[in-house]
Every structure is written in C-alpha cells, then in structure tokens.
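Visitor: I'm new to this and would like to learn how to read a protein model. Could you take me through one, feature by feature?

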Amino acid sequence: MADAKVIPFDDDRSRGNRRRTKAESAPAGEVQPLPLRGAAASEDAREDDPVTPPAAPGPQTAAGDDGDGDGAGDGGLERRVAAGLSFLRRRLTGDYEVDDFGYDAELTDQVLMSLLRPVYEKYFRVEVKGVENIPAEGGALIVANHSGTLPLDGLMMQVAVHDHHPADRHLRLLAADLVFVLPVVNELARKLGHTLACAEDAERLLAQGELVGVMPEGFKGIGKPFGERYKLQRFGRGGFVSTALRQRAPIVPCSIVGAEEIYPMIGNSKTLARLLGFPYFPLTPTFPWLGPLGAVPLPTKWTIQFGEPIPTDGYAPEAAEDPVLMFNLTDQVREQIQHTLYKLLVQRRSVFF
C-alpha cells in the first residue's frame, strides 16, 4: 500500500498566501467560495472578507489522510479492499496457478504465511542466524534436526527462510507419507509446497533450482523421549547426500533450538499409537490429561541457525553411488548440526526467554 502524501505545514502557508494574493486580484464583485473546514479566519473575519478562499489542507487533512496521522486514508483502504476482492475472485473462479507438486505460491504468501507468522514472531519469538549462508539462487538442500513431538519446527524453518532470506526464497519441505494421508493436513501441506520425502521428488525440485528442506531423523527425532532432547538420532542411510551429489547441490546444515521443549514427551502409549495408526502417541505433563488445552505448545524461545554450505559440485557424477563417501558426508553434516546445537544451548539464557 502506497503511503499517503503529506503536505508540509510551511508549504500550506505559502500556498495559502499565493491563493489569497490571487483572490485579492480577482475582479470586483466576484464572489469566491467559502472555506469548507479549517479556515484560519474567525466567523466574523469571513463575513468581512467574503473573497477569502479556503485554506490549504494541513498535515491532518492532506489528500488520502483520514485524520489520524498515520497516512492510511480512504484511498489506501479502498486499495486493500480491492486487492482482497480480487484475491477472492481468483480463488473462486480457479484463476490461479499451482505447480506439479500442488504448491500454491499466492495462497502461501498472502494467507498461510500470514497465519504462521504470529506464531513465529510472537509465540516462539524465533531468532534466525546465518540465513545468508543459503544460496541466493539455484538448488540447495537444507538439512535440519527434527524434534518437538509435532513437526512445528519444519513450519518455523519455512517461515524463517520466507521472511528473512534477502533473495525472498521459498523452502520446499520433504514430508513423511503420514502427512499426505491426513485430511485437511494433506491439502495444506501441498499448498505450502511440501512433497513426499522421496529421492525422485527431491531431485526434481533441486533440478528446478528450488530450496529443499529435509529432516533425516524423521519420526525418530520428533518422537524421542524428553530425556534425549538435542541428541541427534540416526540420519537414515544418507539418501539426502546421494540426492545432493546427483544434482551437484550444496548442503546447508540447520540447527533448531527450542522445539524440543514445546511438548515434553515423558511417555509413549504404544497401544493407542497402534490403534490410531500413528508412529507414537505422546504423553506429556499436559496431554492428554488437560484435553484440548494440553495440546497447546509451551511458549519456548527458539533459535534457528543455518550453517556454512557444504559443496558437492567438486565430486564426480559416479560419487553418488559411493557408499563410503555418502557415509562420510552424512556424518559431516550430522556432526556440524550437533556441534551447533550444543553451542546454541550453552549460549541461551533460558528455555522461555
């Protein structure tokens, strides 16, 4: 929304003087219109001087201002309403684009990120470090630790890249198949740009120059007991390294502190997990004992740090099939994330502040 133009007070007086000079030179007997509001002269003065024109609007009544001093006038409101109606028209008529994976850039930018941003900024008060380590263009693989019982860390990492990267890049997350069988969650995940965590989809996205996010710990990471917080689990078989090598994409380690404490998992009801088809059923100090209220995460203070990228373009094409190289690179990424986690934990003052 463009800011309303505010006319300086000194210019008002000079304009007023110029207008009065022109009025004084008007032909005799010609009646000028009376001022509508804000005239400098009193009522008696206007009766004695019927040719005095209206004073120029001051800063409070400048064109486009609504008088509250914030510069947001009727014109700005009309533009916002028009933009909102245009957005609704496009959604209702289907006049919008999604890519092959279901990613809806317009809905993500204008609606979904707006819903996640208050949680990111006000509730978890996320601090972002090293976002400049993410390449400004081209494909790159961001590898992060996973925790928190519910995968809110992936969403917060997505907001961090969306809102703080200087090149306005978008992060496309690789998600577990469970995400895409849950009603509503499936559709929202697709709209946000998430796709199935498989090598084929990851390679396609990297080949298109996208940022791809992966959390190799999977359910082992978000479902681990509270006593094992910030201890990285096994990083699978190194499939993400093989994908990066094939596309010659850099690997950016990412460490997230704060998510481990939002739902302190003190137990796991395996019976309920089997009945519901979940990998685990968490028991926390508040859930399920407090019902829906127990599902509210604790307002911990988060830090997300992106480390220096690990290049892969120096390896030969057949390196993607070398198990020793994949193991070494996987271990290098894991150790860098773990080391950064320990460093951030030492630096933080409190879980909540």
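Visitor: Which residues does methionine 157 touch, leaving out those up to four places away in sequence?

Guide: Contact means heavy atoms within 4.5 Å. Beyond residues up to four places away in sequence, Met157 touches Ile142, Ala144, Leu171, Leu173, Met215, Cys254, Ile256, Ile304 and Phe306. Before we go on: this is a predicted model, where local features need pLDDT of at least 70 and side-chain atom pairs count only at pLDDT 80 or more, while totals for chains, interfaces and linings use all residues. Residues are numbered from 1 along each chain as its sequence is written, and side-chain values use heavy atoms, with hydrogens and water left out.

Visitor: What is a nonpolar core, and which members touch the most others here?

Guide: In soluble globular proteins, nonpolar side chains tend to be buried together. A nonpolar core is a set of buried Ala, Val, Leu, Ile, Met, Phe, Trp, Tyr and Cys residues joined through side-chain atoms within 4.5 Å. Buried means under 20% relative accessible area, exposed over 50%, and partly exposed in between, using a 1.4 Å probe and protein chains only. The largest core here has 33 residues, and Ile142, Met157, Ile256 and Phe306 touch the most other members. Among the elements that each supply at least two of its residues are helix H4 (105-123), helix H5 (152-164) and strand S2 (140-144). H5 gives the largest share, six residues. Apart from this core lies another, of 29 residues, including Phe235 and Val333.

Visitor: How do I read a helix such as H5?

Guide: Helices (H or I, at least four residues) and strands (E, at least two) are DSSP runs, numbered from the N terminus. The expected span of a helix is 1.5 Å times one less than its number of residues. For the 13 residues of H5 that gives 18 Å, and its end C-alpha atoms are 18 Å apart, which agrees. Ten of those 13 residues are buried, so H5 is largely enclosed by the rest of the structure. Among the buried ones are Asp153, Gln158 and His162.

Visitor: In what order do the strands of the open sheet run?

Guide: Two strands pair if DSSP finds at least two bridges between them. The open sheet has seven strands in the order S1-S9-S6-S2-S5-S3-S4, with mixed pairing. S1 (127-129) and S4 (195-196) stand at the edges with a single partner strand each, so one side of each has no neighbour in the sheet. S2 and S5 (residues 211-214) pair in the parallel sense over four bridges, and Leu141 stands opposite Val212 in S5.

Visitor: Is glutamate 210 buried, exposed or partly exposed, and which residues is it in contact with?

Guide: Glu210 is in the loop between helix H7 (199-207) and S5. At 22% relative accessibility, Glu210 counts as partly exposed. Leaving aside neighbours within four places in sequence, Glu210 is in contact with Gly138, Gly139, Ala140, Arg169, Arg172 and Leu205. Glu210 and Arg172 are 38 residues apart along the chain, yet their C-alpha atoms are separated by 7.2 Å.

Visitor: Which side chains make a polar contact with glutamate 106?

Guide: A polar contact is a pair of N or O atoms within 3.5 Å; within protein, one must be able to donate a hydrogen and the other to accept it, and residues adjacent in sequence count only if both atoms are side-chain atoms. Glu106 lies in H4, and its side chain makes such contacts with the side chains of Arg90 (2.4 Å) and Arg91 (3.2 Å).
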